[in-house]
Amino acid sequence: NNENVSIAAANAITILNSANVNMHHKNWNKIKFLITNFTNANLDHVRFYQTCLNEVNFTNASMNNIYFGEYAYLEGHSDVVRGTQFSPDGTKIASYSDDATIRIWDISSRKQLHILEGYSNKINAVRFSRDGQQIQLLEGHSYFVDSVTFSSDDSKIASGSWDKTIRIWDVSSGKQIQLLEGHSDRVKYVQFSPDDSKIVSCAKDKCIRIWDLSSGTQLLLLEGHQRGVTGVQFICNGSKIISYSKDSTARIWDALSGQQIQLLEHMGYINGVQVSPDGSKALSYSDDRTVRIWDLLSGKQLQILEDSSAVETARFSFDNSRVASGSINGTIRLWDVSSGKQIQVLEGHSKHVTSVEFFPKESKIISCSYDRTIRIWDISLERKIQLAEEYIDVITTVAFSPDGSKIVSGSKDKTARLWEIQSGRQIQIFEGHSDCINGVIFSPDGSKIVSYSYDITIRIWDVLTGKQLQLLEGHSERVKRIQFSSDSFTLVSCSFDKTIRIWNVSSGRQIQLLDGHSDIVTEVQFLSDERKIISCSYDRTIRLWDALSGKQIQIFEGHTNFVRGIHLSPDNSKFVSYSWDNTIRIWDISSGKQIFLFEGNEDVTEVRFSPDSTTIASCSKDKTIRLWNALTGKQIQILKGHSNAILGIIFSLNGSKIISYSEDKSIRIWDVSSGKQIQILEAHNEHINAVHLSSDGSRLVSCSDDKTIRLWGCDNGKIVDVTEDSVVDYIWKVGSQSGLSMKDSIWKNTKGLEDQQKLLVKQRGGTF
């Protein structure tokens, strides 16, 4: 994690290679090589699993039997890949996508054999017949078809549709032989019983229905779910049924009586359920970031596997010993079923993972994603490749200490960490939260850190000892924002629970509850006299409160949609608000009147006053920054350069510069007077979550979904004094951009690489 150590290691490798020291049979899994020179090296049998090879020179290197741990991904789909399925003989893969195509791939060569076109909309499901042949086009549904399945003898197909019907088709003739009507909303899933005598279906109408296949009559109606049922299947040789729903539960039913036997609960939407190949267990995966393993006989929860993001997909291995899961943060995790421990993290997808499957006869996993790729991973070394160090997850927030000597960060790994500015060394780790941390701040005196989390708590920590001083509990939903008073004695918080709370820092006691907003409170700030507090809410209002009595002083009304945020002018005479009604408004605090209204500002993500209160800057998902004269209400400048949504902006201390960060993975520095972009900082390879400027303007810190924190500096002084000729770069980086990477690596005249390995190198940014 130390950049200097990585550079030293790269230099050492380069020197050893120059001295003709043999490099073959080395295990360099997860090692970072920065600008290493492997020219003429013998790298036979070397392992480069999940290794950073950016800018490495492999010219004339020998690479017989080299191991990367993954394979060239299958390219072809032009939109989100929804899923894959193996053919019954295990020699082919079918993939289906929002691009309205199905593609058939040969597993051994990984080449595309066929592209099946003809659909006019995205494809929701694909199934191979037992003989692996395509036979018929079945037409009859009047709306989207969400589910399709073969009977066990391949003679019939059942389909369920948004037209609220289930249809049974004869495969040989392609004719519809049954129409099953009864559901009052879209049908989400259908399945044949093991003996093909019945059909089970579920729908958005909260109901599960069992049908007699020969007569088409409904046998049972299973009710109990509180929201739409998204999946259902027969288990235990057809004697039971398992279902799952948006009500955060899975339920097991008796298929003969229709009685509910077991209730399996999550804390969020359940995205899917799978029964283990031996039929003894089931797994369920959810937006609550967990995979849960259940005993089907008793309904007892056997394991809870905790991810850092919503889990979109999960599967048992064929021997029941492992589970693979894929989440919305693009990672795939491999778990041991008996212990519940994480074995491996596979990184490479850049967007949501939509499906994972184990290969039937090989130690491989296939996955697909919103990034439009299908990837194959080798998991044969999973037992040897344990996580060598604690897995550092996505960094959600970062801030400088008041004296600029330290940085605090918060992460999806449920920890806050303290870093030394000079070296990038971790000083403290603050552990106690049970969920992702979404905010951290220093107290104005620098002695304490406060963190708040999805676990609904606020925690106060001692900077020197790392010990938790106070646990602030009271909010009933997620905390949205916190702020210290200038004397560090008091803390104010706002929440999704529609309340604002004031806390005594030393005792941890709640002093006031400000109750008046009727929807989520999105922002709260002390005014400079600290006797008043200002807040805004999704209830479309901004409110001014007396901090001592807790009473509302003033209500500012005018916005016609959710108020996303507010910012006080430095002199506290005015504030600016921005809303989903596409307006920015300036208000006078003393009179309560609206001074200016700026219209036509779609998807504004942040608004800031300049230090002298004369200028307002706004940034937006439209990729622009706009500057407004706060005295006249006129637009001054539009700053263009970002290629994606801008997430936040900061004024420099003297107001001459603006710093912005964006979903385009860049940070940009702008000159306010000319509107020109003077620097672009590019190093993060994922979405930037936060940027903070040190109190003296000399340094900038950023954090990202790429799991790194970077400290930035300028070669000729402070960040805020940069010009177009200055060199701005990161001084150090902590965290690890995991996954196999080869950007700008050179592979000229390398020997021993297989064709598929060459393709993998090209896909990852290497050149031959």
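Predicted model: local features only at pLDDT ≥ 70, side-chain atom pairs only at ≥ 80, totals over all residues.
Rolling a probe the size of a water molecule over the atoms shows where empty space is left. How many cavities of 30 Å³ or more does the count come to? There are 2. I'd like to show you the second largest cavity, which holds about 30 Å³ of space. Around it you'll find Gly-600, Asn-601, Glu-602 and Val-604, together with Ser-618, Ser-620, Asp-622 and Arg-626. By type, that lining splits into 4 polar residues, 3 charged ones and 1 nonpolar one.

Now to the nonpolar cores. The largest has 20 residues, and the ones with the most contacts inside it include Leu-43, Phe-48, Phe-58, Met-63 and Trp-747. Follow Met-63 for a moment. Setting aside neighbours within four places in sequence, Met-63 is in contact with Leu-43, Asp-44 and Phe-58, and also with Trp-747, Thr-750, Lys-751, Gly-752 and Leu-753. Apart from that core lies another one, of 17 residues, with Ile-688, Val-691, Val-720 and Val-728 among them.

Is Ala-203 buried or exposed? Ala-203 sits in strand β10, residues 198-203. Its relative accessible area is 0%, and buried means under 20%, so Ala-203 is buried. Beyond four places in sequence, its contacts include His-183, Asp-185, Arg-186, Gly-228 and Val-229. Gln-191 is 12 residues from Ala-203 along the chain, and their C-alpha atoms are separated by 13 Å.

Our other residue is Leu-346, found in strand β24, residues 342-346. With a relative accessible area of 1%, Leu-346 is buried too. Not counting residues up to four places away, Leu-346 touches Tyr-49, Gln-50, Gly-330, Thr-331, Ile-332, Ile-365, Trp-377 and Ile-379. Asp-378 is 32 residues away from Leu-346 along the chain, yet the two C-alpha atoms are separated by 9.7 Å.

Finally, a word on confidence. The mean pLDDT of the chain is 89, and 94% of its residues reach 70 or more. Where is confidence lowest, and where is it highest? Helix α1, residues 3-18, has the lowest mean, 73, while strand β34, residues 458-462, has the highest, 97. Over residues 382-391 pLDDT stays under 50, and the model has 24 contacts beyond four places in sequence for that stretch.

Conventions:
Residues numbered from 1 in each chain as written. Heavy atoms only, no water. Core = buried A, V, L, I, M, F, W, Y, C linked by side-chain atoms within 4.5 Å. Buried < 20%, exposed > 50% of the residue type's maximum accessible area, 1.4 Å probe, protein only. Contact = heavy atoms within 4.5 Å. Helix = DSSP H or I, 4+ residues; strand = E, 2+ residues; numbered from the N terminus. 1 Å grid on protein atoms, 1.4 Å probe; cavity = no way out; pocket = protein on both sides within 12 Å on 5 of 7 lines; lining within 4 Å. Points joined across faces, edges and corners; volume = space filled by probe spheres on them. Nonpolar A, V, L, I, M, F, W, Y, C, P; charged D, E, K, R; others polar. pLDDT = per-residue confidence, 0-100.
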